There are 2 protein chains.
Amino acid sequence: MNNFEFCSSTKIIFGKGGQSKIGELVKEFSSNILFHYGGGSIKKSGLYDEVVKSLKEAGIKYTELGGVQPNPRLSLAREGVKIVKEKGIDFILAVGGGSVIDSSKAIAAGAKYEGDVWDFYIGKAKIQEALPLATILTIPAAGSESSPNTVLTNDENLLKLGTASPLVRPKFSILNPEFCFTLPPEQRANGICDMMAHIFERYFTHTKNSEVADKLCEGVLKAIINNAPKVMKKADDYDAWAEIMWAGSLAHNGLLGMGRQEDWGSHRSAHPLSAVYGIAHGASLAIVFPAWMKYVYKLNIGIFAQYAVSVWGLSDPIRDEESLAVKGIEVTEKFFKSLGLPTRLYEAGVKESDFEDLSKKATALGDIGFFKKLSAKDVIEIYKIANK
Amino acid sequence: MNNFEFCSSTKIIFGKGGQSKIGELVKEFSSNILFHYGGGSIKKSGLYDEVVKSLKEAGIKYTELGGVQPNPRLSLAREGVKIVKEKGIDFILAVGGGSVIDSSKAIAAGAKYEGDVWDFYIGKAKIQEALPLATILTIPAAGSESSPNTVLTNDENLLKLGTASPLVRPKFSILNPEFCFTLPPEQRANGICDMMAHIFERYFTHTKNSEVADKLCEGVLKAIINNAPKVMKKADDYDAWAEIMWAGSLAHNGLLGMGRQEDWGSHRSAHPLSAVYGIAHGASLAIVFPAWMKYVYKLNIGIFAQYAVSVWGLSDPIRDEESLAVKGIEVTEKFFKSLGLPTRLYEAGVKESDFEDLSKKATALGDIGFFKKLSAKDVIEIYKIANK
């Protein structure tokens, strides 16, 4: 096991009715906040009204900034930073999914920085200070509600890049599985794939002797796999959503990777597909991850065979590790298909003639991943596998 | 799944060499601390010298209070509170196992309270404020290094009682598996049983639909069970200790019980055995837990059968849930025996004539447990099973 430091400081408030406490909870931090949200689905669902009522009752002044898109844009985050600075706002409340939360993290960090917030994403600056923020999560997927991570897309050059700092971990996050009842099937499937991918990035490693993390990853994956078909079938299955929502948070709060080298090559290979083609993040991972697995599994057949056995319950009568490994990848791909996700680039309209440009975007800051260090050339090979 | 709130705010610094940073880490909180430890094993191991050196280099003034015994005593905690108040100390560093850490939590809370610290343990007062504290863990067992819990024994009436508050969660804890190399076999076995018991208290529940917690509990239990024989055999097996140490912390930071009703009847039935007979906490649980399982399993055979299958890999060709449940309990008891632990009260010198008094101590504050609410009479029945 590798040395590590771990602190997941976000307070999770889980279950029915949590949103009614929002005013009271925010009050402990601030009375002048930015209320950040997305395209308006929270207005349709009534959550917007509940939040506004609770904030007003607690006497909290709020400035609204809606309009966060999937694959959140740098331009809106810059606008948020400007508003926050001008109005002396000292707390950000993100109500929405991972895009809204990631955007709010950018604003939180940008508000305490003199330069351009994009500097954090291109590695030009490190987050040294940030406004406190909190979330009400409406889409279980990105895990951003309890992670130190944020990913933004630069509208100008279509680079989609991430950064991380414990300073942008939300102070608290309200997770009410009832919010998931109105999600359309694609968003359910995308979210499920996203959280599974967060675990895959931690699970497939060359680090030896990290069994606790193995078992945590396998357990959370199994809970997702068991409950995913239920929420796909019945949009208002509270019990199944509760498992999925809690699993999605644990998948990305850092715990499941402690003591081992994580990878993240697949995420980085998938990002340009979203930035350039607007493919949903979860769908881009359903396409790229199986292809990545096929490209790299021979470097550590044991961990892929273990995955097949421990997560999918596969067995091989002749105990051939490689055939198990291959079966595990096949079953993963089938599972994504069963959720209605694309698993090939052509299904998502990506052109082979763009592979080179996409691979350059994926590796814009250098080679990516650790399980196998991936150059732009490797990324093209993965895209090719994902296009067969 | 039940509604829940969860925040494990302790920063875990895991791996080799962590202790060398102690001065620098403490410095962020205080320059006038209480350095609390046990019977002197840290002097033999050299850890004491390392800590003193690091504290001195960081310019931190420290007052020593050693002498914490297993099953830590109220009298010493009271002494600690007095010292801290007199010297204006504002931070406590606990270096040792769960007893030292529990004692330091008592002092941290008592220092900010005008009444007697025992009030918190008998339910007369609630912890409203506490000094910050941190730990260097030397015995993986109690999980106190990242839990909000503390258990003390009153020297006068031999009541062993616990209390909890997020305010006494350590700010940070240093976990270096190398510290485990000098533990004698009994302490290794006691610690392993203690952490397994922390998971059992969370695993055996009537709460339905809490699969993520099921899987986390099963996974961490399996990692403990796989690695326990290794550390029993080879005291300096770093890799195996790393799994055990990390598992012990996760077993009791709260995560594994989120969303379900926990029990704690076995812990409370076991406490008087330690307080009156001085039986080590882990050993007392090795005696009581299998007996509790036998006494209650019929109330939810399903969860006990699931335990047998998912944790121990047992199978039953005729798919008889009850026989699986019984086998799972048998295997648990055998496992404790294989570690050299007692599993019967008579092995630990407990007299049947004391059962009534012990059961009254166990239920001094009312009935205990939730899986089955246990009266003093029930506790006697459990002791009888544990004496067969």
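What follows is a set of worked exercises on a predicted model.

**Exercise 1. Work out which parts of chain B make up the side that touches chain A.**

Step 1: Count who takes part. On chain B, 34 residues are in contact with 34 residues of chain A.

Step 2: Look for the elements behind that side. Strand E1 (4–14), helix H7 (211–233) and helix H8 (238–250) of chain B each put in at least two residues.

Step 3: Sort the chain B residues by class. You get 15 nonpolar, 10 polar and 9 charged.

**Exercise 2. Find how strand E1 of chain A pairs with E1(B).**

Step 1: Start with the direction. E1 of chain A (residues 4–14) runs antiparallel to E1(B), and the pairing covers 7 bridges.

Step 2: Check one bridge by eye.

**Exercise 3. Explain why strand E6 of chain A is described as largely enclosed by the rest of the structure.**

Step 1: Recall the cut-off: a residue is buried if 20 or more other C-beta atoms lie within 10 Å of its own.

Step 2: Apply that to residues 149–153 of chain A. In E6, 5 of the 5 residues are buried, so the strand is largely enclosed by the rest of the structure.

Step 3: Now look at both faces. Asn149(A), Val151(A) and Thr153(A) point one way from E6(A), while Thr150(A) and Leu152(A) point the other way, and all are buried.

Step 4: Follow the strand to its partner. E6(A) pairs with strand E7 (residues 160–164) of chain A, antiparallel, over 5 bridges. One of the partners to look for is Lys160(A) in E7(A), which bridges to Thr153(A).

**Exercise 4. Describe how domain 1 and domain 2 of chain A meet.**

Step 1: The domain assignment gives domain 1 as 11–179 and domain 2 as 183–385.

Step 2: Count the residues in the contact: 20 come from domain 1 of chain A and 30 from domain 2 of chain A. The domain 1 side has 11 nonpolar, 6 polar and 3 charged residues.

Step 3: The C-alpha centres of the two domains lie 26 Å apart.

**Exercise 5. Which residues have the most contacts inside the largest nonpolar core?**

Step 1: Find the core, which has 270 residues; the ones you want are Val220(A) and Val220(B).

Step 2: List some neighbours. Beyond four places in sequence, Val220(A) is in contact with residues including Ile199(A), Leu250(A), Val212(B) and Lys215(B).

Methods:
Residues are numbered from 1 along each chain as its sequence is written. Chains are lettered from A and ligands numbered from 1 in the order in which they are written. This is a predicted model: local features need pLDDT of at least 70, side-chain atom pairs count only at pLDDT 80 or more; totals for chains, interfaces and linings use all residues. Two residues are in contact if their C-beta atoms, placed from the backbone, lie within 7 Å. Helices (H or I, at least four residues) and strands (E, at least two) are DSSP runs, numbered from the N terminus. Ala, Val, Leu, Ile, Met, Phe, Trp, Tyr, Cys and Pro count as nonpolar, Asp, Glu, Lys and Arg as charged, and the others, Gly among them, as polar. Two strands pair if DSSP finds at least two bridges between them. A residue is buried if 20 or more other C-beta atoms lie within 10 Å of its own, exposed if 12 or fewer, and partly exposed in between; C-beta atoms are placed from the backbone. Domain bounds come from an automatic or database domain assignment. A nonpolar core is a set of buried Ala, Val, Leu, Ile, Met, Phe, Trp, Tyr and Cys residues joined through C-beta atoms within 7 Å.
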